[in-house]
Amino acid sequence: MGWRDLLQAEGETIVAPWVGGSSITLASRRWRLVAPPADPGWYRFAVRGRDVSVEAPAEPDFDVFVTVRVGHLVGDRLVPDETVAHADPVLIATSGSRVHLLPPGLDRFARISAGRVVPDGRWFFKEEEFPLGPEDEVLTAWQDELPSTSHIRGVPPALDAAFRLERWRREEAARRRAELEAARRREELARTLGDGAGRRVIAAQDFEAAARAALAVGGARLLEHRASVNAGEMVVRFRLDDMRFECTCDARTLRIIDAGVCLVDHETDERGDTYFTLESLPGVIRQAEEEGVLVVFRHV
C-alpha cells in the first residue's frame, strides 16, 4: 500500500460487516469506529480520515471478501470441504471456524459459503450452496441417533465430520444437562439436610446422607454404617475429637437406640439412650469426656 492509498476521496464510504469491536478493517486498511451500531450486521460507513461512522444498514458486499470457504454448517461452525477423513470433531469445534451473521432458518448440515474480509479474521456468512446429495440421509441418521454414516453412500469426509461433530455436541449437551441436574439435586439435598425434619425425610431414601448431615450438626464425621440385625435399625460408626464411636439408631427417625456409651441415670437406673438423636449424641459424648465421666461400651 502506497501513500496515495491513504488519501481520502470526497464523500468516501465503505460497506463492511460488524459483529463487535471498536474498529473496522478491510483488506489492509483499518479505521477507528466512532460509535458502534446497535446490532451486528452489514453497514455502510462514512469515512473521515482514520475514523468511520455508521450511515445505515447495507446489503452485503461480498467483493470485500479476501478468502471464501465452502463447507457444511454445524451450529455456527463451518466444517470446510477440504476436511480430511476421520478428522477430530472436538478439534473442529474448537477451531476458528465460527461463522458470523448467519441467517435464521438454515437446516442442520446446510452447505454454505463464508468469507473473510482480512486474512485470519472472522468468517462471515456469504450464501447457502447447493447440497451434495447425501445431506438428507445424514440428517436422518443423526435424528435416529445412529453411531455413524457408514451405511450411507457418497458421504464426503467433511459431511461425515459434520455428522460426528453434531453427535459430539448432542452428547456434550446431554452431559451438561446431567451435571446441572445433579448439581440441582445436590443443592436441594443440602437445603433439605440442613433441617431436622428434612433429614428424616431423606433418611428413608439415603440414610448415609442423612446420617452424615446429622452427625455434622454435633461436630462428628460419619465413618461407615450398616444394617443392624434388628429390622429398621442402623449401626453407625463415627469420629469425634480424634475418637471413634459406634451406636445404633432408628433408620428413619435417627433416634438413638444404643448410644454405645454410658447414658444411665445412676439415681433412677434409667437409660437415656433414646432421649438423643444422631444430631445430639456427639454433644453428650463431648460433655461426658470434658467432665471425665465418659464410659464407652462399644469400642471401635
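Modeller: What follows goes through the salt bridges, then a charged surface patch, then one histidine.

The model is predicted. In it, the count of salt bridges comes to 21. One of them joins the side chains of Arg 29 and Glu 12, with N and O 3.3 Å apart. Arg 29 belongs to strand S3 (residues 29-33), while Glu 12 sits in the segment before strand S1 (13-18), so this bridge ties together parts that are 17 residues apart in sequence. As for cover, Arg 29 has a relative accessible area of 21% and is partly exposed. Glu 12, at 15% relative accessibility, counts as buried, because buried means under 20% relative accessible area.

Another salt bridge is formed by Arg 98 and Asp 76, whose closest N and O atoms are 3.0 Å apart. Here both partners come from loops: Arg 98 from the loop between helix H1 (89-93) and S8, and Asp 76 from the loop between strand S6 (67-74) and strand S7 (77-80), so the pair ties together parts that are 22 residues apart in sequence. Arg 98 is partly exposed, with a relative accessible area of 41%. Asp 76 also counts as partly exposed, at 26% relative accessibility.

A further pair lies within one helix. Asp 160 forms a salt bridge with Arg 164, and the closest N and O atoms are 3.1 Å apart. Asp 160 and Arg 164 are 4 residues apart in helix H3 (residues 157-193), which means that about one helical turn separates them. Asp 160 counts as buried, with 17% relative accessibility. Salt bridges can also share partners: Glu 224, Arg 226, Arg 237 and Glu 246 are joined in this way into one network.

Asp 107, Glu 128, Asp 136 and Glu 137 form a negative surface patch. Of these, Asp 136 is placed in helix H2 (residues 135-143). Its relative accessibility is 60%, so Asp 136 counts as exposed.

The histidine is His 100, which lies in strand S8 (residues 99-100). His 100 counts as buried, at 13% relative accessibility. Apart from neighbours within four places in sequence, His 100 is in contact with Val 19, Arg 122, Trp 123, Phe 124 and Phe 125.

Definitions and conventions. Residues are numbered from 1 along each chain as its sequence is written. This is a predicted model: local features need pLDDT of at least 70, side-chain atom pairs count only at pLDDT 80 or more; totals for chains, interfaces and linings use all residues. Side-chain values use heavy atoms; hydrogens and water are left out. Patches are made of residues with over 30% relative accessible area and no salt bridge: like charges are joined within 9 Å, nonpolar side chains (Val, Leu, Ile, Met, Phe, Trp, Tyr) within 5 Å. Accessible areas come from the Shrake-Rupley method with a 1.4 Å probe; for residues, only the protein chains shown count as cover. A salt bridge is a side-chain nitrogen of Lys or Arg within 4 Å of a carboxyl oxygen of Asp or Glu. Lys and Arg count as positive and Asp and Glu as negative; His and the chain ends are not counted. The place of a charge is taken as NZ of Lys, CZ of Arg, CG of Asp or CD of Glu. Helices (H or I, at least four residues) and strands (E, at least two) are DSSP runs, numbered from the N terminus. Buried means under 20% relative accessible area, exposed over 50%, partly exposed in between (1.4 Å probe, protein chains only). Contact means heavy atoms within 4.5 Å.
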